[in-house]
Amino acid sequence: MADPGVVRQALREQRIETPSWAYANSGTRFKVFAQAGVPRTPQEKIADAAVVHRLTGVAPAVALHIPWDRVGDYAELAKYAADQGVGIGAINANVFQDDDYKLGSVTNPDPQVRRKATDHLLECVDIMDATGSRDLKLWFSDGTNYPGQDSIRARQDRLAEALREVYDRLGPDQRMLLEYKLFEPAFYTTDVPDWGTSYAHCIELGDKATVCIDTGHHAPGTNIEFIVAFLLRAGKLGAFDFNSRFYADDDLMVGAADPFQLFRIMHEIVSVDALSPAAGIAFMLDQCHNIEAKIPAIIRSVMNVQEATAKALLVDIDALAAAQRSGDVLAANAVLMDAYSSDVRPLLRELRAEMDLDPDPVAAYHRSGYQQQIESERVGGQQAGWGA
């Protein structure tokens, strides 16, 4: 059986990074629904992220998105974050919103557009230098809508060329996280559509390039835990973007659509002792809270990851290995199902109390008065968000 002390210590050391954009207004391509109290500046996003960390104890970093979080002095922004009790996490590049990128960014057939896109990626590395960030996260919307629109192979060559230039600019303690997405907004070909494409480019680049798995970016029925296990074995799993999907990439709260899948993913992580920050895997949220209150939703998402992790830590590894060796299919499956069926909420409440945290972070947030405070203070100005 799992050692209770080991389980508690692993949960105490867990780290989950929250995204600045999740605190801002968001929506579908048809409508963005504004909410009262939404941040207007990167500083206000960081302040909200700091509240999530103070209430959960396991979310000490906030990822930035450039240009959405562009400021004049990034070192000063990092200092502000530190004063709030959090740090700057991954720097996310944006090469998908400008009109120039209609036919792609780094894979665009126009060399001037490619140059603009690559220069932005290099700018993000400069920001990493200023903030002390370790990770550069790259996602490309690049692709084509029609057969014959562009050369598929040439686009891969252009992608490789841009990635190499940016990779060579990274500092010794910095990494590149290459995300992938099955489709959208390109519908015929996507230039980085799956984990294999990302993996192949990362292998070609070198040790500082790793794959980022966004749990919403797969075809229906994809066995994500197989991808996790393969990349762990290859030493190329750098990060997760946790969220949920139903029909397609929805950026819904992690664990909302298939909590059993989240448990299976975390089991693969725990089984090779890759949960701790020392293992180098960044566990990040990448969500949009379109109709639900933002800060409580992010707190709930952190708790969902904690619950899946706690269940994974309760798997009786010895019993599982014995059943696997003997070929007892039902017994092996039962070991996993016993852990998944465990109610870990009392354990997590006890752990939070030991960490001098409120056992119920969502209830603590509602009692804190912070929502009423920001709704009162953040009147006027331009709310942060994605216009639609």
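**Notebook: helix packing in a predicted model**

I began with helix α6 and found that its buried residues pack against α5 (152-169), β6 (175-179) and β8 (209-214). The model is a predicted one. I then listed the buried residues of α6, which spans residues 195-205: they are Thr197, Ser198, His201, Cys202 and Leu205. Viewed down the axis of α6, these buried residues fall within an arc of 130°, so they line one face of the helix. I also looked at the position just after α6, where glycine 206 takes a positive phi of about 140°.

**Entry: α1 and α9**

I turned next to pairs of helices. Two packed helices are described by the angle between their axes and the distance between those axes. For α1 (residues 4-13) and α9 (residues 294-313), I noted that the axes come within 10 Å and cross at roughly 150°. Since angles over 145 degrees count as roughly antiparallel, α1 is therefore roughly antiparallel to α9. I recorded the crossing of α1 and α9 as right-handed. On the α1 side, the contact is made by Val7, Ala10 and Leu11; on the α9 side, by Gln306, Thr309, Ala310 and Leu313. Sorted by class, the residues of this contact of α1 with α9 are five nonpolar, two polar and no charged.

**Entry: leucine 11**

Is leucine 11 buried or exposed? Its relative accessibility is 1%, and buried means under 20%, so leucine 11 counts as buried. Leaving aside neighbours within four places in sequence, I found leucine 11 in contact with Val58, Gln306, Thr309, Ala310, Leu313, Leu347, Leu348 and Leu351. Of these partners, Gln306, Thr309, Ala310 and Leu313 belong to the α9 side of the helix contact. I also checked leucine 11 against aspartate 83: the two are 72 residues apart in sequence and 25 Å apart in space, C-alpha to C-alpha.

**Entry: α8 and α11**

Lastly, I examined α8 (residues 259-271) and α11 (residues 329-340), whose axes come within 11 Å and cross at roughly 115°. With 65 to 115 degrees counted as roughly perpendicular, α8 and α11 are therefore roughly perpendicular to each other. The crossing of α8 and α11 is right-handed. I noted that α8 contributes Pro259, Phe260, Phe263 and His267 to the contact, while α11 contributes Leu336, Met337, Ala339 and Tyr340. By class, the contact of α8 with α11 holds seven nonpolar residues, one polar residue and no charged residues.

Definitions and conventions
Residues numbered from 1 in each chain as written. Predicted model: local features only at pLDDT ≥ 70, side-chain atom pairs only at ≥ 80, totals over all residues. Heavy atoms only, no water. Axes fitted to C-alpha atoms, helices over the stretch in contact; angles between N-to-C directions. Helix = DSSP H or I, 4+ residues; strand = E, 2+ residues; numbered from the N terminus. Parallel < 35°, antiparallel > 145°, perpendicular 65-115°, else oblique. Left-handed = near helix turned anticlockwise from the far one by under 90°. Contact = heavy atoms within 4.5 Å. Nonpolar A, V, L, I, M, F, W, Y, C, P; charged D, E, K, R; others polar. Buried < 20%, exposed > 50% of the residue type's maximum accessible area, 1.4 Å probe, protein only. Arc of directions from axis to C-beta.
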